[in-house]
Structures are given as structure tokens and as C-alpha cells.
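Take a look at the model below. Then follow the chain with the text as a guide.

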Amino acid sequence: MLMHTIERTVQRFGQRLRAFADKISFLGPTLARVTVGVVFMGTGWGKLHSIPDVTAFFTDLGIPAPGFNARLTAATEFFGGLLVLLGLGARLASLPLAFTMVIAILTAKRANIDGLTTLLGFEEWSYLVMFLWIALAGPGPLSLDALIARRRGRGQTAPTRTAA
């Protein structure tokens with residue numbers, strides 16, 4: 001009898017915990033989106049205001065067309081970060097941001113890679129994973145994309161059937 005009571009209590013606790021987790025599931029994509037959005041708006045803003053320094057850094061890394069790529073990277077980080085932060089076109093905006101992380105790993109971090117553990121420890125890897133998650137799973141319910149989708153859903157009416 002005691003074991004049955006304990007088992008039921010544990011089951012109820014598990015059900016309540018799952019229900020709570022379902023209610024706050026919006027936090028995962030929201031926190032990831034806000035985090036990378038704010039970070040990349042900041043890095044992009046910094047790059048936009050120091051293009052000569054970024055160009056020199058890209059030249060040192062051997063990146064082709066360093067002036068063009070410095071401007072492209074700065075704009076991608078700032079405007080892409082803004083879109084991801086807002087959750088507006090976030091799936092699409094996260095792809096070029098993910099690409100910039102691949103390039104960062106292959107250029108600026110390449111010499112530091114001595115194994116999988118090192119690679120997975122790079123913050124660029126973490127950002128890459130978050131951008132890919134946003135691209136695949138979407139920005140979550142607390143985003144402009146979700147708001148637009150909800151508004152479109154409300155504005156549609158059911159199709160009327162006509163007699164044949």
C-alpha cells in the first residue's frame with residue numbers, strides 16, 4: 001500500500017512537472033533568439049563603426065576582398081542580429097549568421113582546434129548551433145513571425161462550398 005501511494009505521488013509530480021515544462025517551453029527559443037540577437041547586433045554595430053580595423057584583421061586572416069567582406073560581415077551581424085532579436089524572418093536571417101560562424105571557425109579559430117572538445121568549446125560553435133536551431137525550429141511563439149502568423153490565421157475565413 002505504501003509503495004502504491006509513493007508511486008502515485010511520483011507520477012503526479014512527474015505530470016505536474018511536464019505540464020509546467022510545457023507551459024514555459026516558449027522560453028527556450030525566446031532566450032536563444034534574444035541572446036544571439038543582442039550579441040550580434042552589438043558585434044555588428046562595433047564592426048560597422050570600425051571598418052578599417054575589421055578590414056585589417058580580415059587581411060591578416062587571408063580572407064579575400066577584406067574590405068568588402070568586412071562591410072558584409074558587419075551588416076550581416078547587425079541587421080541579421082536585429083531580425084533574429086525581433087523574430088522577424090528569423091529562420092532566413094539566421095542562415096547567413098550561421099555561415100559567418102563557420103567562416104570565423106575556419107579562419108580566426110582554426111589554429112586553436114586540436115580536437116572535437118576544443119571545437120565544441122568555442123563560443124562561435126555555440127552561436128552556430130543556436131542559429132541552426134532557430135533556422136530549423138523557428139523563432140518561437142514570442143516573435144514577430146509568430147504574431148504575423150496568428151494574425152493571418154485570424155483574418156482567413158473558411159472557404160465556402162459551391163454546389164456542383
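**A walk through the helices**

From the N terminus on, the elements of the protein run α-α-α-α-α-α-α-α. That makes eight helices and zero strands. Keep in mind that this is a predicted model.

Start with the overall form. The C-alpha trace spans about 70 × 65 × 30 Å along its principal axes. How does the radius of gyration of the protein relate to that of a compact globule of 164 residues? The globule would have a value near 15 Å, but the protein has 23 Å. Buried residues make up 30% of the 164 residues. The accessible surface comes to about 11,000 Å². Carbon and sulfur atoms hold 67% of that surface.

Now consider how the chain meets itself. The next paragraphs look at some individual pairs.

Begin with the aromatic rings. A pair of aromatic rings is described by the distance of the centres and the angle of the planes. The count comes to five aromatic pairs. One of them joins Phe40 and Tyr127. Their ring centres are 5.1 Å apart and their planes stand at 85°. An angle over 60 degrees counts as edge-to-face, so the Phe40 and Tyr127 pair is edge-to-face. The pair links distant parts of the chain. Phe40 is in helix H2, residues 27–48.

The accessibilities of Phe57 and Phe58 fall into separate classes. Phe57 has 43% relative accessibility, so Phe57 counts as partly exposed. Phe58 has a relative accessible area of 9%, so Phe58 is buried. Return to Phe40 for one last point about rings. Ring pairs link Phe40, Tyr127 and Phe131 into a cluster.

Next come the charged side chains. How many salt bridges are there? The count is two. In one of them, the side chains of Lys47 and Glu77 meet, with N and O 3.0 Å apart. This pair also links distant parts of the chain. Lys47 belongs to helix H2 and Glu77 to helix H4, 30 residues apart. Glu77 is buried, because its relative accessible area is 4%.

The other bridge is formed by Lys109 and Glu124. Their closest N and O atoms are 3.9 Å apart. Lys109 lies in the loop between helix H5 (90–107) and helix H6 (116–121), while Glu124 lies in helix H7, so the bridge ties together parts that are 15 residues apart in sequence. Lys109 has 22% relative accessibility and therefore counts as partly exposed. Glu124, with a relative accessible area of 13%, is buried.

Move on to helix H4 and Leu72. Leu72 is found in this helix. With a relative accessible area of 41%, Leu72 is partly exposed. Compare its place in sequence with its place in space. Leu72 and Thr100 are 28 residues apart in sequence. From C-alpha to C-alpha they are 10.0 Å apart.

Now find the loop between helix H7 (123–137) and helix H8, where Ser143 has its place. At 6% relative accessibility, Ser143 counts as buried, because the limit is under 20%. Which residues does Ser143 contact, leaving aside its neighbours within four places in sequence? They are Arg33, Leu86 and Gly87.

Leu83, Leu86, Leu88, Leu144, Leu147 and Ile148 make a nonpolar surface patch of about 410 Å². Which helices each supply at least two residues of the patch? They are helix H4 (66–86) and helix H8 (144–155). Helix H8 gives the most, with three residues. Leu147 is found in helix H8. Its relative accessible area is 33%, so Leu147 is partly exposed.

How values were computed: Residues are numbered from 1 along each chain as its sequence is written. This is a predicted model: local features need pLDDT of at least 70, side-chain atom pairs count only at pLDDT 80 or more; totals for chains, interfaces and linings use all residues. Side-chain values use heavy atoms; hydrogens and water are left out. Patches are made of residues with over 30% relative accessible area and no salt bridge: like charges are joined within 9 Å, nonpolar side chains (Val, Leu, Ile, Met, Phe, Trp, Tyr) within 5 Å. Accessible areas come from the Shrake-Rupley method with a 1.4 Å probe; for residues, only the protein chains shown count as cover. A salt bridge is a side-chain nitrogen of Lys or Arg within 4 Å of a carboxyl oxygen of Asp or Glu. Helices (H or I, at least four residues) and strands (E, at least two) are DSSP runs, numbered from the N terminus. Buried means under 20% relative accessible area, exposed over 50%, partly exposed in between (1.4 Å probe, protein chains only). Contact means heavy atoms within 4.5 Å. The radius of gyration is taken over C-alpha atoms; the globule rule is 2.2 Å times the number of residues to the power 0.38. Rings of Phe, Tyr and Trp (its six-membered ring) pair if their centres lie within 6.5 Å; planes under 30 degrees apart count as stacked, over 60 as edge-to-face and the rest as tilted.
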